[in-house]
Amino acid sequence: MKHVSDRPHAGLSRRSFLLASAAAGGGFLIGVSFDPASAKEAAQQAFIPNAFIRIETDGTIILTMPYVEMGQGTYTSVPMLIAEELEVGLDAVQLEHAPANDGLYAHPIMGAQETDGSLSMRAAWEPMRQAGAAARMMLVAAAAIRWGVDAAECHADRGFVVHGKSARRIGYGDLAADAATMPVPKQVVLKDPSSYKLIGTPQKRLDAPQKVAATAQYGIDVSLPGMKIAAVIASPVLGGQVSSVDDSATRKIAGVRDVIRIHDAVAVIADHWAAAKKGLDALVVTWDGGPNAQFSTTQHMANLENGAERDGVVAVQKGDVAGVFSRAERRLEADYRLPILAHAPMEPLNCTAHIHDGRCDVWLGTQAATRAQKAAAAAAGLPLDRVEIHNQYLGGSFGRRAEADNVTQAVLIARQVDYPVKVIWSREEDTQHDFYRPAYFNRLKASLDTEGHITSWFHRVVGPSPLARWLPVAVQNGLDPDAVTSATGPYELSDIHVDYVRHEDHSFQSGFWRGVGTTHNVFIVEGFVDELAALSGKDPLEFRRAHVKNNPRALAVLDKAAEESGWGTPLPEGTGRGISLLQDFGGTILVHIAEATVDKAGAVRVSKVTSVVDCGKIINPDTVKAQIQGGAIFGLSATLYGEITFTDGRVDQGNFDTYAAVRMDEAPRVTVHLIDSGDKPFGVGESGTSGIGPAVANAVYAATGKRVRQLPITPELLKS
């Protein structure tokens with residue numbers, strides 16, 4: 001990638017977006033888009049993505065990227081689709097961050113301009129290739145007219161159109177102006193997969209050189225003339241207010257410029273971060289704790305458990321579950337609990353805002369540009385068209401940067417000064433004011449026949465609904481579809497009941513976390529299936545095979561995982577091998593097999609993970625492997641350490657000493673094997689996270705005989 005700009009091609013209107021046209025300077029612009037569906041329609045439809053290609057007269061090819069890069073490889077895999085059909089090398093495509101504009105870039109499923117849910121490649125697959133192919137056809141047509149030959153005698157080759165009979169060649173840049181006058185093809189001819197040169201091949205990340213050289217600009221790297229830095233502290237209890245501020249000591253610190261107070265936070269603004277943080281530490285703030293000052297996770301978990309006594313909104317109902325269960329000789333009941341989790345992205349949360357000349361400019365890395373724009377406009381008291389979002393690389397996110405609370409706060413602070421201000425949250429501030437993956441309580445019942453097959457399955461999910469805040473129309477008749485996704489696994493079950501009891505506690509903010517609904521339900525289902533396998537006396541892998549016998553893709557993944565992991569071979573004493581199987585994210589099937597050792601003190605060490613994934617069509621094998629590996633390590637941190645607790649309304653954890661992540665010397669070797677089975681890609685980015693917890697928990701059971709029904713897996717838990 002030669003260049004990434006946060007300023008895309010200016011002056012695009014909706015009409016020009018839909019048509020091929022002459023770009024500034026005589027270049028060639030082609031775009032594809034569809035009207036974003038209404039929120040209700042969007043929630044029921046498949047992907048309807050959008051994209052831009054611009055070819056300048058010097059041959060430069062620019063893709064205006066509607067998705068963001070937060071480490072998942074989108075900025076390599078999406079250009080591969082364009083380059084493949086346009087018959088250029090991957091190094092020929094430059095990127096621009098898309099501006100905030102739902103009209104042009106709304107994600108068809110989410111209904112707004114967002115990057116999340118492992119949806120980017122699924123959304124980009126068809127329209128990006130169609131955009132590239134349409135551009136190629138129009139360039140070829142322009143060359144054929146110029147030469148007075150039949151277009152069928154011409155073909156595209158690495159940025160040139162070639163006339164086969166005469167061997168004449170002309171570059172795309174020289175054709176750009178002519179191509180802009182060609183009609184957009186009504187029938188776009190995509191390449192036959194057998195002729196792919198890029199798709200399916202391992203490609204190095206285009207953003208890697210910038211990141212290795214430390215020239216990539218993240219939100220926290222933004223620097224503007226006259227800019228000051230702000231450190232901030234918000235009410236430690238959600239809903240609390242600032243009662244009083246004594247800033248006398250703070251204002252004596254060299255470099256401190258201002259102390260700004262907003263309703264629930266205080267900011268110290270200085271020439272640099274060190275002075276701002278020192279000033280913040282010297283600040284004396286008293287808080288009105290508000291209505292949540294008595295909140296505790298102990299009471300919250302008890303409330304969730306009480307919620308399981310109520311009937312939920314039915315998500316799946318088939319057969320006579322209660323009757324089959326009551327008549328069965330072999331039955332199993334279990335309760336599973338999952339904790340509140342923070343996101344903890346490595347790049348601290350930050351946002352730079354400048355209000356000037358009746359407008360507001362905002363710089364940050366965000367997954368949801370238009371959400372950030374709306375938040376900034378509301379906080380600034382300006383119309384949307386007076387607010388510009390300058391999006392940057394994201395240093396990790398996992399759902400955290402889909403929220404816009406830091407944008408609101410930064411703009412409220414910026415309103416009180418006449419210079420640009422970059423507001424940086426400390427690690428502690430981020431950990432204690434997150435939109436947390438909420439806790440869940442799950443009640444399960446199942447029965448087996450005499451041959452060890454599951455004959456009934458009951459699963460009640462109790463917890464909050466982040467989706468009700470994000471996309472209320474998707475929660476129909478009280479049912480949150482994300483809360484119950486993967487709640488039965490991929491298994492063939494004849495008598496099933498799944499329901500959902502919504503329990504909201506407004507003492508903390510809940511949001512989406514990497515893996516969303518799948519991340520909690522796969523842990524529960526795969527733990528319970530392992531328990532049923534043990535009850536039946538069957539091998540856990542064979543037990544799963546028996547319940548997906550009509551799913552050849554799942555069988556292939558299971559068999560490959562068994563082969564590659566050495567399933568069934570002996571392990572040292574104290575070490576166990578555990579398995580998980582998931583099918584979600586549009587069709588991705590993933591098996592993790594983890595090997596874990598439990599020492600006498602109850603400490604768990606995961607030494608090896610074998611992963612096999614069938615995610616449909618593979619675009620860039622290197623990116624898929626990296627996503628599975630990174631997701632597994634991210635999920636392992638939550639499996640072993642992740643838990644946010646509250647006492648008197650305040651979060652007990654702060655930095656990585658109390659909210660730990662797996663460190664390099666603890667990280668297992670994660671070997672990923674790929675199966676390319678389809679003609680379209682499924683989601684990858686979050687699958688690796690969702691399945692690692694149950695694989696480790698089942699390995700712990702194999703090693704110790706101790707069944708794990710809650711996370712994290714601490715020594716105290718294994719001793720209880």
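A residue counts as buried when its relative accessible area is under 20%. I start there because that cut-off of under 20% is what "buried" rests on in this talk. The model is a predicted one.

First, helix α15, residues 516-536. Of its 21 residues, 18 are buried, so by that cut-off the helix is mostly covered. How far apart are the end C-alpha atoms of α15? They are 31 Å apart, and at 1.5 Å a residue the 21 residues should span 30 Å, which agrees. The helix does have a bend of about 25°, placed at V522. After α15 comes G537, and its phi is positive, near 80°.

Next, strand β24, residues 496-502. Is this strand largely enclosed or largely open? Six of its seven residues are buried, so the rest of the structure largely encloses β24. Two pairings can be described here. Strand β15, residues 313-318, runs antiparallel to β24, and five bridges join them. In that pairing V316 is opposite V498. Strand β23, residues 454-463, runs parallel to β24, with seven bridges between the two. There, F458 has H497 as its bridge partner. As background, strands of a sheet pair through backbone hydrogen bonds, and the pairing can be parallel or antiparallel.

Now a sheet elsewhere in the chain. It is open and has three strands, in the order β7-β8-β9, with antiparallel pairing. Which strands are at the edges? They are β7, at 154-157, and β9, at 168-171, and each pairs on one side only. On average, neighbouring strands of the sheet are turned by 25° against each other, direction ignored. Between β7 and β8, the latter being residues 160-163, there are four bridges. D157 is opposite F160 of β8. Helix α6, residues 172-179, lies across β7, β8 and β9, and runs at about 75° to β9.

Last, the whole chain. It has 20 helices and 31 strands. Its radius of gyration is 27 Å, close to the 27 Å that the globule rule gives for 720 residues, so the chain is as compact as a globular protein of that length. Along the principal axes, the C-alpha atoms fill a box of roughly 80 × 70 × 50 Å. Buried residues account for 60% of the 720. Finally, take the contacts with a separation of 6 or more: 76% of them are between residues 24 or more positions apart.

Note on methods: Residues are numbered from 1 along each chain as its sequence is written. This is a predicted model: local features need pLDDT of at least 70, side-chain atom pairs count only at pLDDT 80 or more; totals for chains, interfaces and linings use all residues. Side-chain values use heavy atoms; hydrogens and water are left out. Buried means under 20% relative accessible area, exposed over 50%, partly exposed in between (1.4 Å probe, protein chains only). Two strands pair if DSSP finds at least two bridges between them. The expected span of a helix is 1.5 Å times one less than its number of residues. The bend at a residue is the angle between axes fitted to the seven residues ending there and the seven starting there. Axes are lines fitted to C-alpha atoms, for helices over the stretch in contact, and angles run from 0 to 180 degrees between N-to-C directions. Contact means heavy atoms within 4.5 Å. The radius of gyration is taken over C-alpha atoms; the globule rule is 2.2 Å times the number of residues to the power 0.38.
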